[in-house]
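Subject: The structure, and what turned up in it

Hi,

Here is the structure I promised to pass on. Have a look first, and my notes follow below.

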Amino acid sequence: MSTLVLEGEGLTMRFGGLVAMAEVDFKLNRGEILGVIGPNGAGKSTLLNIITGIYKPSSGQVRLEGDKLTGIPTHKIVERGIARTFQSSRLFGDLSVLDNVIIGRHVHTKCGVFDAVFRRGRAQRELKESAAIAEDLLKAVSRELYEQRHRPAAVLPQADRRRLEIARALASEPKVLLLDEPSSGMDDNDTEALITDIRAVCAARPDLAMIIIEHDMHLVSTLPHKVMVLDYGEKLAEGTYEEVRKIPRVQEAYLGRKAVENA
Ligand SMILES: Nc1ncnc2c1ncn2[C@@H]1O[C@H](COP(=O)(O)OP(=O)(O)O)[C@@H](O)[C@H]1O
Ligand SMILES: [Mg+2]
């Protein structure tokens, strides 16, 4: 049975005269992957910014398991169970791979500065526990990454940095994971490895729901259960990849003339 986890209703986002998102609805079930595609400026990142509370929509609502998220501050939304990666890397380059993942767990740790100074035992126990969980996570996402856990994040190649961002997002134990163009800047081999990693994550966490914004059509045709096409902030189409790729308006808007010729 499918269970609704995340839902957007009538999402509209205006920036002055620009309508970045117009009356967009979506539904995401437990364990489901929704792919979001569309040309640059279509409103894809805006959608994630609305879901995570970075933008407050001009109208419309987002609900997580029936509870309204709209208007709640971003850090509270993370605590409720939504984690994301960004289009551009936001890792702490000087910190180790492992420390970057441990930081992702902060929503589940209780100790603050007071504890670190006056209750060192408790703070150290919690840190050790976080480190063990972070190591397991790294192993689950990518064995190679785990082996590099003590190196600074800055020395990792691009593809590993992406993996690390996913591991860090997962460290908050989200119900929903939002990935903004995870394969950008990757070659075909790295993208293939990314697909394998995401599959491993799904297998380990069958309840986890995901929204993946992507340009790579191989990834979009492989991972998502359904695909939503945005264009100028409007939902052009929604369905399986095979369904949406056949719609002429989608081909014109996004896939371009070349795809139509190759279809
Ligand atoms: N904070 C903002 N202020 C003004 N315009 C914005 C802002 N964020 C996004 N936009 C505009 O909204 C539209 C959609 O942007 P975005 O969601 O980033 O597109 P995509 O991720 O699909 O490439 C673009 O025209 C963009 O310039
Ligand atoms: Mg974007």
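Let me start with Glu-173, which counts as partly exposed because its relative accessibility is 44% (buried means under 20% relative accessible area, exposed over 50%, and partly exposed in between, with a 1.4 Å probe and protein chains only). Its salt-bridge partner is Arg-105, at 2.8 Å from N to O (a salt bridge is a side-chain nitrogen of Lys or Arg within 4 Å of a carboxyl oxygen of Asp or Glu). The two come from distant parts of the chain, 68 residues apart: Glu-173 sits in the loop between α7 (158-170) and β7 (176-180), and Arg-105 in the loop between α3 and α4 (113-118). Arg-105 counts as buried, because its relative accessibility is 7%. Helices (H or I, at least four residues) and strands (E, at least two) are DSSP runs, numbered from the N terminus.

Before you read on, please note that this is a predicted model, in which local features need pLDDT of at least 70, side-chain atom pairs count only at pLDDT 80 or more, and totals for chains, interfaces and linings use all residues. Residues are numbered from 1 along each chain as its sequence is written, chains are lettered from A and ligands numbered from 1 in the order in which they are written, and side-chain values use heavy atoms, with hydrogens and water left out.

More on the salt bridges

The count comes to 15 salt bridges. One of them joins Arg-63 to Glu-7, with the closest N and O atoms 3.6 Å apart. Arg-63 belongs to strand β4 (residues 59-64) and Glu-7 to strand β1 (residues 4-15), so this pair ties together parts that are 56 residues apart in sequence. Both partners are buried: Arg-63 has 18% relative accessibility, and Glu-7 has 14%.

Another salt bridge pairs Lys-226 with Glu-32, at 3.4 Å from N to O. Lys-226 is in strand β9 (residues 226-231) and Glu-32 in the loop between β2 and β3 (33-37), so parts 194 residues apart in sequence are tied together. Lys-226 counts as buried at 16% relative accessibility, and Glu-32 is buried as well, at 13%.

The ligand site

Which residues are around ligand 1? They are Phe-15, Leu-18, Ala-20, Pro-39, Asn-40, Gly-41, Ala-42, Gly-43, Lys-44, Ser-45, Thr-46 and Tyr-55, each having a heavy atom within 4 Å of the ligand. This shell divides into six nonpolar, five polar and one charged residue (Ala, Val, Leu, Ile, Met, Phe, Trp, Tyr, Cys and Pro count as nonpolar, Asp, Glu, Lys and Arg as charged, and the others, Gly among them, as polar). The largest share of the shell, three residues, comes from α1.

A backbone N or O atom of Gly-41 lies 2.7 Å from one, and a backbone N or O atom of Gly-43 lies 3.0 Å from one. For Thr-46, a polar side-chain atom lies 2.6 Å from an oxygen atom of the ligand. The protein covers 64% of the 560 Å² of accessible area that ligand 1 has on its own (Shrake-Rupley method, 1.4 Å probe).

Best wishes

Methods. A polar contact is a pair of N or O atoms within 3.5 Å; within protein, one must be able to donate a hydrogen and the other to accept it, and residues adjacent in sequence count only if both atoms are side-chain atoms.
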